[in-house]
Amino acid sequence: MMQPQLVLLREGTDTSQGKPQLISNINACINIVDTVKTTLGPCGMDKLIHNGRDVQISNDGATIMNLLEIVHPAAKCLVDIAKAQDNEVGDGTTSVVVLAGELLKEAKQCVEDGIAPQTIIKSYRTALGEATKVLDRLSVPFSSQNVRKKVTGGSMRDSLLVDGVAFKKTFSYAGFEQQPKKFENPKVLL
């Protein structure tokens, strides 16, 4: 004879299903987004995080996401996209988390209005396709053949100027955002 299945849950575990669970998951993600959103931009605020052992101060989205020790399964997805962004590009972790949060806020409103999650997902995929077409149309082709020499260090004579080079990662400092990014007719001393 087959034994009945027994599932043990911790006290206080949310056992809701369907629409309430979906909204609960979105709310958990939005709470994380609201935490890191205020670190974004030139006037972004630092966060002081105390986890019982250490105290850390940071305004870096990836660092904050790691320090929060997020255990909610849906909210962990935000940590995963922040890590993927950091590994792939090295920057923009807060931006992708905030963008995901805004998409989730819009999806939450659609769910509350009775739109099926499958329809929302299909619409987001359609929007992705349209956005990709626009980006392809606006993009400027770049060939790695244009780069003749990669210099990781050395003297000034080892360097060369190549129009259109994008750096994978740059380091910034406090006040970096307020500094000029372009100089017209600069005087260079050699």
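Predicted model: local features only at pLDDT ≥ 70, side-chain atom pairs only at ≥ 80, totals over all residues.
## The overall layout

Let's start with the big picture. The protein is built from 5 helices and 2 strands. Reading from the N terminus, the order of these elements is α-β-β-α-α-α-α.

The chain has 190 residues, and 19% of them count as buried. If you take the contacts with a separation of 6 or more, 48% come from residues 24 or more positions apart.

## Helix α3

Helix α3 covers residues 73–88. With 16 residues at 1.5 Å a residue, α3 should span 22 Å, and its end C-alpha atoms sit 23 Å apart, which agrees.

Which residues of α3 are buried? They are Ala74, Ala75, Leu78, Val79 and Ala82. As for their neighbours, the buried residues of α3 pack against α1, α2 and α4. Here α2 is the helix at 61–67. Just after α3 comes Gly90, which has a positive phi of about 90 degrees.

## A look at Asp86

Asp86 is also part of helix α3. Its relative accessible area is 30%, so Asp86 falls in the partly exposed class.

Leaving aside residues up to four places away in sequence, Asp86 touches Ala62, Asp91 and Thr93.

## Helix α4

Next up is α4, which runs over residues 93–112. Its 20 residues should span 28 Å at 1.5 Å a residue; the end C-alpha atoms of α4 are 29 Å apart, so this helix agrees with expectation too.

The buried residues in α4 are Thr93, Thr94, Val97, Val98, Ala100, Gly101, Ala107, Lys108 and Val111. Notice that a lysine, Lys108, is on that list. The buried residues of α4 pack against α1, α2, α3 and α5. After α4 you meet Gly114, with a positive phi near 95 degrees.

Side chains of opposite charge can pair when their charged atoms come close. In this model the count comes to 5 salt bridges.

One of them joins Lys105 to Asp34, with the closest N and O atoms 4.0 Å apart. This pair links distant parts of the chain, since Lys105 is in helix α4 and Asp34 is in helix α1, 71 residues apart. How accessible are the two partners? Lys105 counts as partly exposed at 29% relative accessibility, and Asp34 is partly exposed as well, with a relative accessible area of 36%.

Another salt bridge brings together the side chains of Glu102 and Lys37, at 3.1 Å from N to O. Glu102 belongs to helix α4 and Lys37 to helix α1, so this pair ties together parts that are 65 residues apart in sequence. Glu102 is partly exposed at 31% relative accessibility, and Lys37 is partly exposed at 29%.

## How the charged residues join up

Lys105 and Glu102 are separated by about one helical turn, because they are 3 residues apart in helix α4. Through shared partners, the salt bridges join Asp34, Lys37, Glu102 and Lys105 into one network.

## The second largest pocket

How much space lies in the second largest pocket? The answer is about 720 Å³. The pocket is lined by 22 residues, and those nearest its centre are Ala100, Leu103, Leu104, Ala107 and Tyr124. The elements that give two or more residues to this lining are α1 (19–37), α3 (73–88), α4 (93–112) and α5 (117–138).

By class, the lining of the second largest pocket has 20 nonpolar residues, 1 polar and 1 charged. Two of the residues nearest the pocket's centre, Ala100 and Ala107, are among the buried residues of α4.

Note on methods: Residues numbered from 1 in each chain as written. Heavy atoms only, no water. 1 Å grid on protein atoms, 1.4 Å probe; cavity = no way out; pocket = protein on both sides within 12 Å on 5 of 7 lines; lining within 4 Å. Points joined across faces, edges and corners; volume = space filled by probe spheres on them. Helix = DSSP H or I, 4+ residues; strand = E, 2+ residues; numbered from the N terminus. Nonpolar A, V, L, I, M, F, W, Y, C, P; charged D, E, K, R; others polar. Buried < 20%, exposed > 50% of the residue type's maximum accessible area, 1.4 Å probe, protein only. Expected span 1.5 Å × (residues − 1). Contact = heavy atoms within 4.5 Å.
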